[in-house]
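Please read the following briefing alongside the sequence and the three-dimensional structure. It is intended for a reader who is new to both.

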Amino acid sequence: MMNIGIIGCGAIGTVLAKAVEDIDEIEKVYLLNTISEKAERLAKDLKKGIPKQDINDFIDDVRLVVESASIDAVKEYGEFVLSHGKDFMVMSVGAFADKKLMEKLIDTAKTNKCKIYLPSGAIAGVDGVKSASGSRIDEIMLVTRKPPAGLKDVKYLKDKGVDVEKIKKETVVFEGSAYEAIKYFPKNINVAVCLSVAGIGVDKTKVKLVCDPKIRQNIHKIVVKGGFGEITTETKNFPCPTNPRTSYLAALSAVATLKKIVSPLQVGT
């Protein structure tokens, strides 16, 4: 039996916490949120949920801490969690676009003999990219299509004078590296950094972001070319009911990663 902590009780944190109810290997799930009332409300719907107002109140009683809040939360809690010898699951993978932060967290994990887990999120094919990295990867291209609701209130677009609600046909709103993508869309395209970490890095991975008013799903198409051959995947995700910026599959990938951690059978690369 083990206990876990969840930082962030939004769309992903809620899906994960509710899934824990059916995972026999987990006894308790501690819930931490900036607005403590949110953690308290979620805990009331759970048998295993325990709301806390400070990570120090549960860090010694858990084996794993899951970040499902924000890039800032990764920066605030990552080193602390790992320095206590606890495994750390990161949902806001965009934080790893900061190479110094990633190296610091990896070094801390090595020193304290614990692990960092990066779920594949809202895309398919990360396992194939990891395998392909053992050969030569020449190119990785991610094309993400989102409905206007998934790009609402993005500062980068507002500064560019782009009103997504007025877009009538599919429009490319960004094209550049994964590093630039996560800088300008920190809550919208974490998958780009996950893909980059598995492959050729944030500077070489190319990203195109399209706003398409004719779709309701978040669609991610990945093309990878190299010495191994070619990989092409396309994932059409329904958004989480409570947050159109988050793909439901991203939340499910957190659940799958947690089940993999507690399972004796490991499937996939």
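**Briefing on the predicted model**

Glutamate 170 is partly exposed, with a relative accessible area of 47%; here buried means under 20% relative accessible area, exposed over 50% and partly exposed in between, using a 1.4 Å probe and protein chains only. The model is predicted, so local features need pLDDT of at least 70 and side-chain atom pairs count only at pLDDT 80 or more, whereas totals for chains, interfaces and linings use all residues. Residues are numbered from 1 along each chain as its sequence is written, and side-chain values use heavy atoms, with hydrogens and water left out.

**Salt bridges**

- The structure holds 8 salt bridges, each being a side-chain nitrogen of Lys or Arg within 4 Å of a carboxyl oxygen of Asp or Glu.
- One of them joins the side chains of arginine 145 and glutamate 170, at 3.1 Å from N to O.
- Arginine 145 belongs to strand β7 and glutamate 170 to the loop between α6 (155–159) and β8, so this pair ties together parts that are 25 residues apart in sequence.
- Arginine 145 is partly exposed, with a relative accessible area of 25%.
- Another salt bridge links glutamate 165 and lysine 152, whose closest N and O atoms are 3.5 Å apart.
- Because glutamate 165 lies in the loop between α6 and β8 and lysine 152 in the loop between β7 and α6, the pair ties together parts that are 13 residues apart in sequence.
- Glutamate 165 is exposed at 53% relative accessible area, while lysine 152 is partly exposed at 38%.
- Lysine 155 forms a salt bridge with aspartate 159, with the closest N and O atoms 2.7 Å apart.
- Both lysine 155 and aspartate 159 lie in helix α6, 4 residues apart, about one turn of the helix, and both are exposed.

**The sheet**

- Helices (H or I, at least four residues) and strands (E, at least two) are DSSP runs, numbered from the N terminus.
- An open sheet of 5 strands has mixed pairing and the order β8-β9-β7-β10-β11; two strands pair if DSSP finds at least two bridges between them.
- The edges are formed by β8 (171–177) and β11 (229–237), each with a single partner strand, so one side of each is left without a neighbour in the sheet.
- On average, neighbouring strands of this sheet are turned by 10° against each other, direction ignored.
- Strands β7 (137–146) and β9 (206–211) pair in the parallel sense over 6 bridges, and methionine 141 has lysine 206 in β9 as its bridge partner.

**Covered helices**

- Helix α8 (191–198) lies across β7, β9 and β10 (218–226), running at about 165° to β7; axes are lines fitted to C-alpha atoms, for helices over the stretch in contact, and angles run from 0 to 180 degrees between N-to-C directions.
- In α8, 7 of its 8 residues are buried, including Val191 and Cys194.
- The cover over the buried residues of α8 includes α5 (126–132), β7, α7 (178–184), β9 and β10.
- Helix α1 (11–20) has 7 of its 10 residues buried, so it is largely enclosed by the rest of the structure.

**A buried lysine**

- Lysine 86 is located in the loop between α3 (71–83) and β5 (87–90).
- Lysine 86 is buried yet has no salt bridge, and the nearest side chain of opposite charge, aspartate 60, is 5.4 Å away; Lys and Arg count as positive and Asp and Glu as negative, with His and the chain ends not counted.
- Among the residues that lysine 86 touches, not counting those up to four places away in sequence, are Asp60, Val62 and Cys114, where contact means heavy atoms within 4.5 Å.
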